[in-house]
Amino acid sequence: MSETELSAEAARFVSPAYYIDSDSMEVQTFVLGALRNMPLDASKKDKAIRLFEAVRDNIRYDPYKFEMNTDAYRASMIAGMEATYCVPKAILLTACLRAVGVPAAVGFADVRNHLTTPKLLELMETDLFINHGYVQLWLDNKPYKVTPAFNMDLCTRFGVKPLVFDGKSDALFHEFDMNDQRHMEYVADHGVHQDAPMKDYLRTFKENYPKLETFNSEGMTKRGAEGFDKGFAQSKGGES
């Protein structure tokens, strides 16, 4: 693909959208906080790296912290969350990147997670995570795939290699963990979108994870993993 064609492709992923509302005050505020103390002439690559780290670490990963209504998945709503899971984090990073002029799209892939907790496995009834959220961004007309899902504290707790984006290569889940045990396996890539297809996403979620949806509808996930899954609960005082 020529540079001109790639530029035309990337140009599709710069403008705000309904869920990726990169022009919202909430997203702009998140971006300003993440980029504070950076030099005024900082490159788009350096900004992209900083935004990746901010979404990865400032919003804790919690697979139980999810909503079943579409409007909860607007980046402006996600920007104020303390914890959530991969799809909202991917939507927020996409919006933040667009806010600083970096073309970005939200993508979905099916991944098989070989390191999960017994509680989550019980509720999902499978280790296949359908429609895991990731981000594709373009720097110097080159595409990169990144996932800001797991915060550093969680990686340390699970013995998982942290994902680091250096602006030169993809930052996707590692195949093996720190002990060389199988960690993540990418099964299928469903491509990228100009805006997040949340109605389709939630319909697929309900079809594949009915027990987890019921758990949510009963109000059990309002506090996230706190109280029923120590593996994903927030660390307190350095404890796991």
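Visitor: What does the secondary structure of the chain come to?
Guide: The chain has nine helices and six strands. Helices (H or I, at least four residues) and strands (E, at least two) are DSSP runs, numbered from the N terminus. The model is a predicted one, in which local features need pLDDT of at least 70 and side-chain atom pairs count only at pLDDT 80 or more, while totals for chains, interfaces and linings use all residues. Residues are numbered from 1 along each chain as its sequence is written, and side-chain values use heavy atoms, with hydrogens and water left out.

Visitor: What share of the chain is buried?
Guide: Of the 240 residues, 49% are buried. Buried means under 20% relative accessible area, exposed over 50%, and partly exposed in between (1.4 Å probe, protein chains only).

Visitor: How many bridges join β3 to β6?
Guide: Seven bridges join these antiparallel strands, and Val-111 stands opposite Tyr-186 in β6. With β4, strand β3 pairs over eight bridges, also in the antiparallel sense; there, the bridge partner of Phe-108 is Gly-133 in β4.

Visitor: Is β3 enclosed or open to the outside?
Guide: Nine of the ten residues of β3 are buried, so the strand is largely enclosed by the rest of the structure.

Visitor: And what joins β4 to β5?
Guide: Five bridges join β4 (residues 128–139) to β5, and the two strands run antiparallel. Trp-138 has Pro-143 in β5 as its bridge partner, and Val-135 stands opposite Val-146 in β5. The hairpin of β4 and β5 has two residues between the strands, and Asp-140 takes a positive phi near 55 degrees in it. Asn-141 lies in the loop between β4 and β5; its phi is also positive, near 65 degrees, although the residue is not a glycine. Asn-141 is partly exposed, with a relative accessible area of 22%.

Visitor: Now helix α2: which of its residues are buried?
Guide: In α2 (residues 25–34), Val-27, Phe-30, Val-31 and Ala-34 are buried. They cover an arc of only 100 degrees around the axis, which puts them on the same side of α2. The arc is that of the directions from the helix axis to the C-beta atoms. On the other side of α2, Met-25 and Leu-32 are exposed.

Visitor: What do the buried ones pack against?
Guide: They pack against α3 (44–58), α4 (75–78) and α5 (86–99).

Visitor: At what angle do α2 and α3 cross?
Guide: Their axes cross at roughly 110 degrees and come within 9 Å. That makes α2 roughly perpendicular to α3. Angles under 35 degrees count as roughly parallel, over 145 as roughly antiparallel, 65 to 115 as roughly perpendicular and the rest as oblique. The contact is made by Phe-30, Val-31 and Ala-34 of α2 and Arg-50, Leu-51, Ala-54 and Val-55 of α3.

Visitor: Where does Asn-37 lie?
Guide: Asn-37 lies in the loop between α2 and α3. Asn-37 is exposed, with a relative accessible area of 75%.

Note on methods. Contact means heavy atoms within 4.5 Å. Two strands pair if DSSP finds at least two bridges between them. Axes are lines fitted to C-alpha atoms, for helices over the stretch in contact, and angles run from 0 to 180 degrees between N-to-C directions.
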